Amino acid sequence: MAANNDILEDYTRYLKIERAMSPNTAAAYRSDVAFFLESAGIPPEKVTPDDIIACLSRRIGYSKRSQARFLSALNSFFNYMISEKLIQENPCDMVDFPKIGRYLPEVLSLEEIEKLMDSVQLSDVTGVRDRAILEVLYGCGLRVSEVVGLRISDVFVKEKFVRVVGKGDKQRLVPIDGVAIEYVLKYLEMRQEPYDKASEDILFLNRFGRRLSRISVFNMVKRQAVIAGIHKEISPHTFRHSFATHLIENGADLRAVQEMLGHESIITTEIYTHIEKSVWQNTVLAHHPRK
């Protein structure tokens, strides 16, 4: 359907430019919408709530979270069509979202963080690089894509900041702690020659002198967890979540953590940092104006 392809192209541009979604997220939304339109076999302006419910019911074997993501993509698409005055009502408004619990990834304790860091052998450039990556993942709370994309020119040692390009190509400045700086500088002293001009400014290189892949960092984290004897199911994202949680538990301002993590909404940060109610209670009572 050529007409569907045209509107999908326009919708994808809208997601990237106006919604500032990352290319991966925009592609996932487009894929879900394209699947639905092909499955329904009718023009998007003719879609009814019953068509959406029927499609959801055919997606046997999908988790509630997966179904909710699929429905979110459709909801976004039909809201876009309303904004373009192609339809007047969103058919998703009459469809109930699956009830899912809050997703809380694993959190490492400070002792587990130290244990994992100490498990890295520092006898060669690879070990020093891996330790520096782990320190930056935890000490700056970065996403794995942000770490592999870091450039040497993004690291401001004297000012103790790193410049990060996050989701939607949005830049932010993130404080970097002394330990992370120490290992980044150690690595730079040993760093191998870059493969080509495009790799010259990339901070973390693989053994071929090229930019590291996200998968390489995932595999390294998994390997070090085994070596450290940590049995939790962790990934590079675990360090980001652990860092945010530890900051809040130590009394950091939620807005500051939001800015550091690059969250557009503070609601995301509140979900991300699943501290216990007692911590909030103690913080509120300690600063209550009528205590």
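Colleague: What percentage of the 291 residues in the protein chain do buried residues make up?
Modeller: This is a predicted model, in which local features need pLDDT of at least 70 and side-chain atom pairs count only at pLDDT 80 or more, while totals for chains, interfaces and linings use all residues. Residues are numbered from 1 along each chain as its sequence is written, and side-chain values use heavy atoms, with hydrogens and water left out. Buried means under 20% relative accessible area, exposed over 50% and partly exposed in between, with a 1.4 Å probe and protein chains only. Of the 291 residues, the buried share is 42%.

Colleague: How many helices and strands are there in the protein chain?
Modeller: Helices (H or I, at least four residues) and strands (E, at least two) are DSSP runs, numbered from the N terminus. The protein chain has 13 helices and three strands.

Colleague: Which residues of helix 5 are buried, and why do they line one face of the helix?
Modeller: Helix 5 spans residues 110-118, and its buried residues are Glu 112, Ile 113, Leu 116 and Met 117. Seen down the axis, these buried residues line one face because they fall within an arc of 135°, the arc being that of the directions from the helix axis to the C-beta atoms. On the other side of helix 5, Glu 111 and Asp 118 are exposed. The buried residues are thus Glu 112, Ile 113, Leu 116 and Met 117, and the arc is 135°.

Colleague: Which helices do the buried residues of helix 5 pack against?
Modeller: Packing is judged here by contact, meaning heavy atoms within 4.5 Å. By that criterion, the partners of the buried residues of helix 5 are helix 6 (125-140), helix 9 (214-228) and helix 10 (236-249).

Colleague: At what angle do helix 5 and helix 6 pack?
Modeller: Axes are lines fitted to C-alpha atoms, for helices over the stretch in contact, and angles run from 0 to 180 degrees between N-to-C directions. The axes of helix 5 and helix 6 are 10 Å apart, and the packing angle is about 160°. That makes helix 5 roughly antiparallel to helix 6, given that angles under 35 degrees count as roughly parallel, over 145 as roughly antiparallel, 65 to 115 as roughly perpendicular and the rest as oblique. The angle asked for is about 160°.

Colleague: At what angle do the axes of helix 6 and helix 8 cross?
Modeller: Residues of helix 6 including Val 128, Ala 132 and Val 136 meet residues of helix 8, among them Ala 180, Tyr 183 and Tyr 187. Helix 6 and helix 8 are roughly antiparallel to each other. Their axes come within 8 Å, and the crossing angle is roughly 150°.

Colleague: Which backbone nitrogen does the side chain of Asn 206 reach?
Modeller: Asn 206 lies in the loop between helix 8 (178-190) and helix 9, where Asn 206 is buried because its relative accessible area is 19%. Leaving aside neighbours within four places in sequence, Asn 206 is in contact with Arg 129, Gln 192, Arg 211 and Leu 212. Its side chain reaches, at 2.9 Å, the backbone nitrogen of Phe 208.

Colleague: Is Lys 85 buried or exposed?
Modeller: Lys 85 is found in the loop between helix 4 and helix 5. Its phi is near 60°, a positive value in a residue other than glycine. With a relative accessible area of 74%, Lys 85 is exposed.

Key: Polar contact = N/O pair within 3.5 Å; in protein donor to acceptor, adjacent residues only side chain to side chain.
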